[in-house]
Each structure stands twice: as C-alpha cells, then as structure tokens.
Amino acid sequence: MKHIDLIIIGGGPIGIACGLEAKKQGINYLIIEKGPIVNSLFNYPVNMQFFSSSEKLEIDNIPFISNEAKPKRNEALEYYRRIVTSNDLNIHLFEKVLSVKKKDGLFNIETRKQQYTASFVIVATGFYDIPNTIDVPGEDLPKVSHYYKDPHFYAKQKLAVIGASNSAVDAALECYRKGAEVTMLVRGPEIGKRVKYWVRPDIENRIHEGSIKAFYNVKVKEITQEKVTIQTPKGDFIIENDYVLALTGYKPNFEFLQKIGIQLSDDQKLYPQYNEKTMESNIKNLYLAGVICGGMDTHVWFIENSRIHAKTILKSILKKQ
C-alpha cells in the first residue's frame, strides 16, 4: 500500500489548482480522477460557452487566452490540459475512488486500481455526475437523456427539452438551428432567471415567434416511445415525440460524502459541514473544495470564486505539518 502525504480526489479545475499549490509548497501529493483531465468539462455540450470570462477561470495566475471574452468548452479543455502537462502534475486518470476510511490517524483510500494511505485528503469532486431525475414512467427509456452533447443528433427529430436553465436553453436553441422540432417543458412560469443575459433574448424571441414551442407551469406525467404526456394549468396534453432531453440539473455524490463520514445539513440543501476559514470538514485533516461545498445549491460555488480554496487548504495543511 503506497503512502501519499496528500491525496486530492477530483481532477477538475479546483483539484488541479490544489495540485499546483501542493507542488509549489513541496508537499507529496497525488490527484486521482475517475475520467480524463477535467472530466466534467469534457462531458459538457460540444459548443458550450462559459458564463465567466477567461480571466475568471484562470488558476494560479496562469493566463487563459481565448478568442472571445467568454471562452468555450474546447478552449477550457486546452487550457487545463496544458496546465497539467506543462507542470507535470502527479495525476492518475481513469481511476475511480471507491472508498475513503480513516484509521489510526491515516486515511485509507481504495480505488479501482490500487490502495493508498494519506495523511490529508481533499475532496473536489464537483456535481456533474448524478442528474436530478424527474421520476416519471418512461424516464429510463433509451430515448431519454440527462446529458446533452451535440445538436446534430437531433436534426429532423421531435425533441422535448425539460428544464429552463442555461443547459436547457442552449440545447433548445442549438437543436432548433440544426433542424429539430423543439418543445420546451418548463416547470415554472418563465425561462430561468439565471440564463445567460446574452442568450435570454434569443430564446424568448424564438418562443414568441413560434419557432420553439414552450409549455409553462408543466409537470411531466409519462414518457412513452412515441409521446410525452404533460399536465398543465389548462389540462393534460399529449406531445408527439422522438427524443427527450431532461436537463433538470445535477447534484454532488452525497452518498459518497456520507460514507466517508462527512455530516450534511438536515434540510433539503444538504450542505456539507466544513470550517469556512480552513475548508476542513468535520473529519480532521479532510478538506472540501469547489462546488461540492454548496450541497444542492450548485450555483453558489464556481471556478471563479472557489479557486481560492486551494491556497486556503494548503495553508492549513502546512500549519499542521
């Protein structure tokens, strides 16, 4: 069993930032990522554009140069990949962490490939792995997806997009422009308030002119191979349908946190317990970093406001060492 002073679980931007800071401070560290470098960003839609400008996505003051003020997915992948490779960060890819258990002051970390012990652990696993399900009959059909990648697939198809967030709006607009017949199914009375300000007029105009259909205050009742049944204030409607994109958001892996022993709040927000000054959880020497700190409030922490977690955590670890 190999011993590492600091193991960082998650190779996204914040996990990478923690690795950079650990290397800078001369700490023996290892980043463990279950997929490729910045796995969550890799699984974002092909044409996705960030809400943040490039300088706000920078880590460790390494310049992020993009063609536009707000970079796209492919530019972010290039940026973070180059940071990992040019700094020769110690990272194991495609190695999923199965368990973290503390015994006699050390953490025992088991992955699909091997086992480690560590004096300190940082959990920076994000929230993109587990979708918020709508829990209706037919949600498990092959035609239903909680992830959107490329609009070309939906050309000439009847597509229902469930949701009204940035991801749902982007998918609806892109697929419409590639020839899909798009219907948006929105739980609330309007498009989400956090939709990117330069995109909102576009989706509202497309809906107003009838290019994209939209139902508001909707509850999806059933999905079948050829139809979607919805409940509206005016009664039930049946929509002919080929594919469904249920883009209703995602959540952290709370089960993983609880198995480690991290305490979550009793309300629906499920905030994990940690010291805001050090980012140390209720488990001594185990730290939380990035969006996972917000529980179900996944819009609270972003790359731009959680990159500071790396310096905060490493400062705490150095004091303990």
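C293 is buried, at a relative accessible area of 3% (buried means under 20% relative accessible area, exposed over 50%, partly exposed in between, with a 1.4 Å probe and protein chains only). The model is predicted: local features need pLDDT of at least 70, side-chain atom pairs count only at pLDDT 80 or more, and totals for chains, interfaces and linings use all residues. Residues are numbered from 1 along each chain as its sequence is written, and side-chain values use heavy atoms, without hydrogens and water.

A disulfide is a pair of cysteine sulfur atoms within 2.5 Å. The count of disulfides is zero. C293 is in no disulfide, and the nearest cysteine sulfur, that of C18, is 9.8 Å away. C175 is also buried, with a relative accessible area of 0%.

Salt bridges come next. A salt bridge is a side-chain nitrogen of Lys or Arg within 4 Å of a carboxyl oxygen of Asp or Glu. The count is 16 salt bridges, including these:

| Pair | N to O distance |
|---|---|
| E21 and K24 | 3.6 Å |
| D202 and R206 | 2.7 Å |
| K320 and E280 | 2.5 Å |

K320 lies in helix 8 (residues 309-320) and E280 in the loop between helix 6 and strand 17, so this pair ties together parts 40 residues apart in sequence. Helices (H or I, at least four residues) and strands (E, at least two) are DSSP runs, numbered from the N terminus. K320 is partly exposed at 35% relative accessible area, whereas E280 is buried at 15%.

E21 and K24 both lie in helix 1 (residues 13-24), three residues apart. E21 is buried at 8% relative accessibility, and K24 is partly exposed at 47%.
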